[in-house]
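I opened a new page for this protein. My plan was to look up a few features one at a time and write down what came out.

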Amino acid sequence: MELRIRLLGAVELHAQDGPTPLGTPKERLTLAALAWDAGRPVSVDTLVHRIWDEALPEKPRDALYPHISRVRRALHRVAGPKAPRVRSRTHAYTLEVDPDTVDLRHYLRLLEEAHRLAEAGEEEGALRGLRQAATLRGGPPLTGLNGAWPDHLRQVVEERHLAAALLGADLTLRRGHFTTTVAALRPLAELHGAKQSFASRMALALHGCGRTDEAARLLHQTRHQLLHTSGTDPGEEFRHVHQGVLAGSPVEELLRPRVRPLPVRQPVRAPDNLPRHVPCVGRRKELDLLTATLLGDDTLDATDLVITGMPGSGKSAVALDAAHRLRTRFPDGQLLVHLHGHTPGWAPKSATQALHELLRPLLPDDTPLPEDLDALVSRWRALAQHRGLLVVLDDAVDLHQVAPLLPGEGPTRVLVTSRYRMTGLPGVPTLALDVLPREGSVALLRHVLGEERAPDEADADTLARLCADLPLALILAARRLLSRPAWSAVDLVRRLSGTHRRLPEIRAQHDAVTQAFEVSYLALSETQRLVFRRLGLHLGPEFGAEATAALCGLSPQETEHVLEELLACCLLLEHAPHRYRVHDLLREYATTLAEADGTSENRQAHNRLLLYYLRTADRADRVAYPHRLRLDVPHADAATPPADDAKRWFITEGPNLLAALEYLRSRGTGRQLAYLAHTLTGFLEAEGYLTTALPRLEAAVDHWRETGDLSSAGRALIDLCAVCSSAGRYDQALDCAHQARRWAEDHGDQALLAEALHHLSIIHWHTARYPEALDLQQRALTLRLAGPDRLQQGRSFNALGMICLALERHRESLRYFLEARTRFREVGDRRGEGTALHNLAELYKECGHLDDAITTYQQALRHSDTLGGTSTHAILQINLADALCQRGAPRQALALYERALPTLRSGGDRRSEAIALIGVGQALHALGDSARAASHHAAALTLARTIHATLEECQALRGLGEAEAATGHRDKARLRLRASLALSREINDRAEEARTLRSLTRLFPPALPDAD
């Protein structure tokens, strides 16, 4: 017995020994996915989606291969040497077997043949085909397998089965076999009893058996249910049968007439109702993808396609352009059906109306069409199965409108456009249109305006930016320019730039972008409208569900659900999981709508949002930056992000937090600004937002002083001191630390006093006053050892290690670093541990153990996410670069310096910027480019003197002297080196003194100065 593949019922392989079930559900699905397309290549992407739906494995192609291998082994196990091959092609697999070997494919072929015979008038042959098909039907396809594709396949087969049953009923009713017809239809009654086509045939069979009362009741119940569920009257055929049964007319008079459709390749003319071809500019990539999807190739199966996108993104234009370009590939016609999903003044077309519109051009004018949806679907799919049609379904409203219009198997292809993301159509991919790339926007403007009116590149770029690259906005802006011959692009740019509301200016005659937006907005529910309006009030560029919930006063669960609905309506973009954006022009529209809600309501929404950011940031700050001395923030216990995600939360919400600070600066209260600035200090310092932080923290200090809250003022001074120190503003940092120290001493605030001493010590360390720094930090440690806070003790030990390192007291430095690391580990402070690792690398470098230093720096870089933010990472890079330069790898060092410099500059860390400039100079000098090296050292010298960084001033002078000597400016070089030597002696930095002496000895042996 030859091999048979069974898909009707459980998926099995049949051979001489009987059925052989397969193993796992995934293995059965893999066989079914290949067998459904037996003899045809199936793309890897199609197989993956049939097997896993949307829950794709991390590496889908790798996950698919083992299942293919198991199917191959199962086929060989059952059929032996004659087993069909599963051939692998580029990105596709083919099960090389006759389709009739697959029971489901054989079953469907017999049904199709029966329909063709019936339409040709060969009713006896049609009945034989239906009876033969019935012997193959063994249950619903793919029994026991779940997923979107199995469900879709079962739905398709059930539709074909119903159509076959109705055909069989027509044939047996004409022969007067009424009892046989009742028996054949009875098993389908539970599933299809409410459908007009089924009920009318069952009623005729019952009427023919003499059970007229039962037939009348069935027809009455069906009519009542139809009116109750859809609000529509039954179709003409149903009414005819109903009236005839009630009147007692003979069955022969009530039967459907024998309609013989024209042969497959008729009608003679190919229908084509596409509008004039307007080429779509800026969408080449999308058009190529669309063409590949509709036509298929060796690697992709041809399939229908849904084009989605926000209002104004050009969905219809892309679809129609593609339809025109592909005319020759679909010789049997092109049909455009406007579904009016979002057309003002029009109700969306029903699937029944759309099917009538599709079928009418394909049939002779006098051909009657059924009113029943199922019958229309069957008729449409039968016609489309053998025709090469391209159908554009424009502006669809939902899945229920589109699903009955899809043609099923065959050469006909359908392009759907919709503002709704139709991800629920199994096997139909989606092309989501974004706004145009900037070059595409400029090209579209030039195309619409023509050569004479086209603006220059700069003006076109600006106009495209102001239109936010939205195709509809670009076209309307260009049309407005064309309607004003005296205007240039500059005039329109000025109008758009001179207002905070661009939408009123983007119009042409009776068209405006707001009209397109309004149609989508009015289609929303009340809750969806509320959320959409509130999103216009959000302060930052993107948002999550929690912030939106606070803004709207809804629960996070309800908000998440509404955001998904808005996303499905293409009114939101999800650029990362659970992170949403609103297009610029849509956001402006939402803001305009929100203004109508009233100032008081909007202020309450903003206050809820700000409170959410304040209390969540406070909790995140306590996890991410546990060393900080903090205020008690109101409502601080209300929201706690997961500890592992605290820093990620700061990074993700960073732009929104900065926007909240700016909003409070101009519109908030001093108290709100002071609390949020305090809460964000750790994040702002770590991520290098120093110039943003400084004025906000100064305002916070002023607020607490004005309100008489000196305890809060002292902590705000510490925040300001930390940021000033990181920014290289050491004089201001010292002043802040001294003020905080005096207040702490006056009021006995030991925690504040220890923190003030700690910061004073750090500032003295930065400015190379190491003995003073050591004394201050030891006093801070004494205070901290008197208490239980091991984290703060670790900070002091770490600082003492850095100071002793600068004083070349290496043994003490190592002991302090180890003490610090022990305490950081005890309290689980990974950031502190990482800092200690960084400092150990510094110690190794200072002791000359460069290999150990480089290895330890690299370890610290790999763990730099625990050390802080981007500025900390950049500092690690320049320290590693210094070690590499000393190790004789200046080219690697230069690359690290150049990567770190932009981060340090943008963050305002001027001391680290000076260090990086010195490092670049050293690397360039080592590479023989001393002229460029001198310019970097000169820039570093200016910066070091500006911020009073004496150590960096010494190093810049020495590097500048060495570079100038190499470029022939020896007199200047000698002066630089002597100045560097004097400064190193002034700050008592013996290591710097020794380095400068070595340079002088090497470059100017006769000019070696006196030892004093």
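**Ground rules.** I am working with a predicted model, where local features need pLDDT of at least 70, side-chain atom pairs count only at pLDDT 80 or more, and totals for chains, interfaces and linings use all residues. Residues are numbered from 1 along each chain as its sequence is written, and side-chain values use heavy atoms, with hydrogens and water left out.

**Sheet.** Helices (H or I, at least four residues) and strands (E, at least two) are DSSP runs, numbered from the N terminus. Two strands pair if DSSP finds at least two bridges between them. I looked up an open sheet of five strands, and its order is β8-β9-β10-β7-β11, with parallel pairing. β8 (334–338) and β11 (430–432) are the edge strands with a single partner each, so one side of each has no neighbour in the sheet. From one strand to the next, the twist averages 15°; the axes behind such angles are lines fitted to C-alpha atoms, for helices over the stretch in contact, and angles run from 0 to 180 degrees between N-to-C directions. I then checked β7 (residues 305–308) and β10 (residues 413–418), which run parallel and are joined by four bridges. Ile307 has Thr417 in β10 as its bridge partner.

**Helix α31.** I compared the end-to-end distance with the expected span, which is 1.5 Å times one less than the number of residues. The 17 residues of α31 (residues 710–726) should span 24 Å, and the end C-alpha atoms are 24 Å apart, which agrees. Of these 17 residues, 15 are buried (under 20% relative accessible area; exposed is over 50%, partly exposed in between, with a 1.4 Å probe and protein chains only). Gly728 follows α31 and has a positive phi, near 80°.

**Two loop residues.** I noted His340, which is not a glycine but has a positive phi of about 55°. His340 sits in the loop between β8 and α15 (351–359) and counts as buried at 11% relative accessibility. Cys570 also has a positive phi, near 60°. Cys570 lies in the loop between α25 (556–568) and β14 (573–576), and is buried with a relative accessible area of 3%.

**Cavities.** On a 1 Å grid over the protein atoms alone, a cavity is a set of points where a 1.4 Å probe fits but cannot get out, and lining residues have an atom within 4 Å of a point. The largest cavity is lined by 13 residues, with Gln196, Ser197, Glu237, Phe238 and Asp372 nearest its centre. α9 gives the largest share of this lining, four residues.

Note on methods: On a 1 Å grid over the protein atoms alone, a cavity is a set of points where a 1.4 Å probe fits but cannot get out, and a pocket is an open set with protein on both sides within 12 Å along at least five of seven lines; lining residues have an atom within 4 Å of a point.
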